[in-house]
Amino acid sequence: MSIAQNIAEIKRNIDTTKVKLVAVTKNHSVSAMLEAIAAGITAVGENRVQEMLAKHPDIQAAGKQVEWHLIGHLQTNKVRQAVPLAALIHSVDSQRLAIEIDKTAGKLGKRQDVLLQVNVADEESKFGIELGQALVLAKQISQLEHVRLCGLMTIAPYTENAETVRPVFKEFYQLFSELKALNLTNTDIKWLSMGMTNDYMVAVEEGANLVRIGTGIFGSRQY
Ligand SMILES: *Cc1c(COP(=O)(O)O)cnc(C)c1O
């Protein structure tokens, strides 16, 4: 199936007027990205700052406007390069990183929208703050003037059968509700970023309003 057909299928499966679809373009070419943009994609997700920086000028040169989401682990020494481009950084998982983003955004006169990445799977993924610490970190981030916390992101454990991760999504939605209920000043808690190719439909059923889909749009990645 073509990229456009894949996108059309996702749009049949979820209501993209209510759920934001971020096309994960890591390891895919600029021409594939342009195809996706032509088929209606308005936000792309990259894992690595370097790759985002490399592709950005080509997308600009093609005259295309798209939101760039940084979804991979961000090292503090890459913050200076990431902030000027990123519409939303999904992967904030420490106070130290948040402070670094705040400094850079302040210099640029920008408010940087971020999500808190939470590690719900503990064993499997290396990144993300643990569930029990998430609200503490959220409060710390809300103190930063040039950062705006906009919600939560997680990567569920990989599974062939998405039903097995439904409880993880349920628990994560619970945390999202608790975070909203805190009513922290200086925040705008609106995005629950969960769901990838294998599990996005279950994630949306459990309250995700932002899904990050790569393989389901572009096919498998060549490394
Ligand atoms: C690669 C990646 C995705 C997309 O994964 P697919 O299974 O290809 O849809 C989503 N989120 C993050 C953080 C990723 O690194």
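This note covers the ligand site and the pocket around it.

1. Basis. The model is predicted: local features need pLDDT of at least 70, side-chain atom pairs count only at pLDDT 80 or more, and totals for chains, interfaces and linings use all residues. Residues are numbered from 1 along each chain as its sequence is written, and side-chain values use heavy atoms, with hydrogens and water left out.

2. Shell. Val 24, Lys 26, Asn 47, Ile 71, Ile 155, Met 196, Thr 197, Arg 212, Ile 213, Gly 214, Thr 215 and Arg 221 surround the ligand (a heavy atom within 4 Å). Five are nonpolar, four polar and three charged; Gly counts as polar.

3. The ligand takes up the space of the largest pocket (more than half of its atoms within 2 Å of the grid points). The pocket's volume is about 650 Å³, the space filled by probe spheres set on the points.

4. Lining. A pocket is an open set of points on a 1 Å grid, for a 1.4 Å probe, with protein on both sides within 12 Å along at least five of seven lines; lining residues have an atom within 4 Å of a point. Here 27 residues line the largest pocket, with Lys 26, Ile 155, Ala 156, Met 196 and Arg 212 nearest its centre. The lining has eleven nonpolar, ten polar and six charged residues.
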